[in-house]
Amino acid sequence: MAADNNFFVSLDIGSSKIVILLAEKSKEIEGQLKIFGHGIGPSAGVKKGLIVDSEKTSQAINAVVEKAYSSCNTKFFNVSVNISDPHLTIINRKGQVLIADSVITEKDVELALKSAKAVATSTNKQVINSVPNSFIIDKDPITHRGVEVDKPVGLEAKTLEANMHIVIASNQAVGSIEKSIRKSNLGTSMIVLNSMASSEPYLSQDEKDNGVCLVDIGSGVTNISVFTNGGITHSAIFKSAGDQITEEIAYAFNTSFDEAERLKIQYGDAQVKSLREDQLIKFKPIGGLEECYLSSHSLVEVIEQAYLDLFSLIKQNLKSKKLDRSLKSGYVLTGAGSKIQGCDELFLRSFRVRSKLGQVDTGKIDGNEMIISDPTYACALGLLLYEPDESYLEELQPDNAVGFMGKIKGSLFKF
Ligand SMILES: Nc1ncnc2c1ncn2[C@@H]1O[C@H](COP(=O)(O)OP(=O)(O)OP(=O)(O)O)[C@@H](O)[C@H]1O
Ligand SMILES: [Mg+2]
């Protein structure tokens, strides 16, 4: 969240579009944010999630800032922004400490986190996000077994291990984001991994506990984040998304990118089997003087195959991390690339695990229905909600009936 007086501002710098949203705390519903301003416009200077020309990106941001200003008549400065550069390094790291006085203190937790975060990065890289995903007490050095807990402070233990999900970016990628924002006379309050932000409006704690993967299909990149046992355990960025689908159409029918995009949006479907009947579609081939026709069946065949190729990249990645079988809550799809008709059904057919289109939890964030229900806004909505969670530093309350056992995670005895 980027606080500016009493409101929050997010900036999604996408490969195809830029979004700004403004939100404030709801007066009626505790803990809910209400969107009161927005702006959207084409992006520029961004290739596959990476800013390659900060001057152009800044001009594109300026245009969206103007729209956001005029939508609500509110000036703002600090923004939370996304990063989805495919060259990011995303790792999980452990840090362990010995507990001096047999009861874990806040300081012990902080030391364990610090030790996990102490990644040796080269001088041209930096850690941008570090999220604790689990704490294990008294891990046996030989069997590697221990007890996983949510809130370690106040528990008796000899050792505490913190596991963190860490995002490392090149100074250049971070510098380009900050530079574009600065040139637009704005300030950067927080940079958040795109898929971590996009997860916020859509995933429930239950889904995170059961295992779930958020898939944000954009134009230049597809981002995923996996949550297991309640915490984030894996993220990845693929250089393939909606643009790739359009390029496949352009290649198959020898059309320009723009004409292929029009065909995709106007006649696209993710599954050939959903087509009731074949129809002829007028289109312009490259260099062709006369207009030609293609069959809707053959267009959807190309689209289906292109989406399946994208899904198989995700599948391979999850398989290589042995995560493909541990997602009981399945997959939640968002990003405008998921707007193709039947995207969730094709995903389900391909993965054979529960898959659905993301639906914003309006208890967390609400506002204009057009924004809330459109996956184009996934990341900008998530950036408003994202805040480093420090609830693990809270101490267990002694009167908490089941006390310590109650806070131990469901699947935690890691035997
Ligand atoms: N109805 C639709 N059917 C199919 N694809 C669609 C539809 N609407 C939008 N898209 C595709 O969604 C993509 C844009 O998605 P999105 O706005 O999430 O990307 P972005 O955030 O700008 O880019 P990225 O996240 O990759 O940096 C484009 O490829 C566009 O063709
Ligand atoms: Mg995006």
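Helices (H or I, at least four residues) and strands (E, at least two) are DSSP runs that are numbered from the N terminus. The model shown here is predicted, so local features need pLDDT of at least 70 and side-chain atom pairs count only at pLDDT 80 or more, while totals for chains, interfaces and linings use all residues. Residues are numbered from 1 along each chain as its sequence is written, and chains are lettered from A and ligands numbered from 1 in the order in which they are written.

**View 1. The loop between α6 and α7, with N254.** N254 is placed in the loop between α6 and α7, and its phi is positive, about 55°, although N254 is not a glycine. With 15 C-beta neighbours inside 10 Å, N254 counts as partly exposed; by the rule used throughout, a residue is buried if 20 or more other C-beta atoms lie within 10 Å of its own, exposed if 12 or fewer, and partly exposed in between, with C-beta atoms placed from the backbone.

**View 2. The shell around ligand 1.** Ligand 1 is surrounded by 25 residues, of which the closest are G14, S15, G218, G242 and A336; a residue is taken as near a molecule if its C-beta atom, placed from the backbone, lies within 6 Å of it. The helices α6 (242–253) and α7 (257–267) each supply at least two residues of this shell. By class, the shell holds 5 nonpolar, 15 polar and 5 charged residues, where Ala, Val, Leu, Ile, Met, Phe, Trp, Tyr, Cys and Pro count as nonpolar, Asp, Glu, Lys and Arg as charged, and the others, Gly among them, as polar.

**View 3. A336, one of the residues closest to ligand 1.** A336 has its place in the loop between β18 (331–334) and α9 (343–351), and A336 counts as buried because it has 21 C-beta neighbours inside 10 Å. Leaving aside neighbours within four places in sequence, A336 is in contact with G218, G242, P375 and T376, two residues being in contact if their C-beta atoms, placed from the backbone, lie within 7 Å. The C-alpha atoms of A336 and A63, which are 273 residues apart along the chain, are separated by 21 Å.

**View 4. Helix α2 and what covers it.** The 12 residues of helix α2 (residues 106–117) should span 16 Å at 1.5 Å a residue, and the end C-alpha atoms are 16 Å apart, which agrees; the expected span of a helix is 1.5 Å times one less than its number of residues. The buried residues of α2 are D108, V109, A112, L113 and A116. They cover an arc of only 135° around the axis, and therefore lie on the same side of α2, the arc being that of the directions from the helix axis to the C-beta atoms. What covers these buried residues includes β8 (89–98), β9 (125–137) and β11 (159–170).

View 5. I136 lies in strand β9 and counts as buried, with 23 C-beta neighbours inside 10 Å. Not counting residues up to four places away in sequence, I136 touches G146, V147, E148 and E161, and the C-alpha atoms of I136 and V149, 13 residues apart in sequence, are 6.1 Å apart in space. D138 is found in the loop between β9 and β10 (147–149), where D138 has a positive phi of about 50° although it is not a glycine. D138 is partly exposed, with 15 other C-beta atoms within 10 Å. G146 is also found in the loop between β9 and β10, but G146 is buried, with 21 other C-beta atoms within 10 Å.

View 6. Helix α8 (residues 296–320) has 25 residues and reaches 36 Å from its first C-alpha to its last, close to the 36 Å expected at 1.5 Å a residue. The buried residues in α8 include L299, V300, E304, Y307, F311 and L318, and α8 is followed by K322, whose phi is positive, near 55°. Helix α11 (residues 378–385) is mostly covered, as 8 of its 8 residues are buried, among them C379, G382 and L385.
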